[in-house]
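The sequence and the model are shown first, and the description follows.

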Amino acid sequence: QVQLVESGGGLVQAGGSLRLSCQYSGRLFDIYNWAWFRQTPGTGREQVAATTTGGDENYADSVKGRFAITRDRAKNTLYLQMNNLKPEDTAVYYCSTVSYGANRYWGQGIMVTVSS
């Protein structure tokens with residue numbers, strides 16, 4: 001079992017920046033993918049950024065060039081740096097990871113609100 005806890009959300013003006021953190025713990029030997037999702041009533045839950053244990057990264061077109069996913073292995077923390085935020089980025093953001101055992105784990109979700 002893997003436990004994920006997000007922090008760092010809040011209210012920010014358009015054009016501003018936020019950094020979300022996801023502290024993880026538990027059994028990590030078979031984890032191979034780390035990701036951030038976001039959810040709104042209109043879009044459902046969509047993946048915005050992902051990284052593998054090997055360091056490969058993938059971003060949704062809507063956030064390319066603005067968001068960056070990183071992981072600090074020493075601190076057991078996953079980050080999502082969000083720059084040049086837009087009102088359309090307003091959503092509940094979730095940290096998530098996938099194991100080779102085909103299990104997906106989720107954080108509790110954290111609200112990001114971008115005002116215009």
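## Overall form

Of the 116 residues in the protein chain, 43% are buried; buried means under 20% relative accessible area, exposed over 50%, and partly exposed in between, with a 1.4 Å probe and protein chains only. The model is predicted, so that local features need pLDDT of at least 70 and side-chain atom pairs count only at pLDDT 80 or more, while totals for chains, interfaces and linings use all residues. Residues are numbered from 1 along each chain as its sequence is written, and side-chain values use heavy atoms, with hydrogens and water left out.

The protein chain contains 11 strands and zero helices. Strands (E, at least two residues) and helices (H or I, at least four) are DSSP runs, numbered from the N terminus. The radius of gyration, taken over C-alpha atoms, is 14 Å, close to the 13 Å that the globule rule gives for 116 residues, so the protein chain is as compact as a globular protein of that length. The globule rule is 2.2 Å times the number of residues to the power 0.38. Along its principal axes, the C-alpha trace spans about 45 × 25 × 25 Å.

Among contacts in the protein chain with a separation of 6 or more, 53% are between residues 24 or more positions apart; contact means heavy atoms within 4.5 Å. The protein chain exposes about 6,000 Å², and carbon and sulfur atoms supply 46% of this area, computed by the Shrake-Rupley method with a 1.4 Å probe.

## Strands and their pairing

An open sheet is formed by four strands in the order E1-E3-E8-E7, with antiparallel pairing. Strands E1 (2–7) and E7 (67–72) stand at the edges with a single partner strand each, so one side of each is left without a neighbour in the sheet. From one strand to the next, the twist averages 20°; the angles run from 0 to 180 degrees between N-to-C directions, with axes fitted to C-alpha atoms. Two strands pair if DSSP finds at least two bridges between them. Within this sheet, E3 (residues 18–26) and E8 (residues 77–82) are joined by six bridges, and Gln 23 has Thr 77 in E8 as its bridge partner.

Strands E4 (residues 31–40) and E5 (residues 44–52) run antiparallel and share eight bridges. Three residues lie between E4 and E5 in their hairpin. E5 is also joined to E6 by three bridges in the antiparallel sense, and Thr 51 stands opposite Glu 57 in E6. The hairpin of E5 and E6 has four residues between the strands, and Gly 55 there takes a positive phi near 100°.

## Salt bridges

The count comes to four salt bridges, each being a side-chain nitrogen of Lys or Arg within 4 Å of a carboxyl oxygen of Asp or Glu.

| Pair | N to O distance |
|---|---|
| Arg 38 and Glu 46 | 3.1 Å |
| Lys 64 and Asp 61 | 3.2 Å |
| Arg 66 and Asp 89 | 2.7 Å |

Arg 38 is buried at 6% relative accessibility, whereas Glu 46 is partly exposed at 27%. Asp 61 is exposed, with a relative accessible area of 64%.

Arg 66 and Asp 89 form a salt bridge. Arg 66 lies in the loop between E6 (57–59) and E7, and Asp 89 in the loop between E8 and E9 (91–99), so the pair ties together parts that are 23 residues apart in sequence. Both Arg 66 and Asp 89 are buried. Through shared partners, salt bridges join Arg 38, Glu 46, Arg 66 and Asp 89 into one network.
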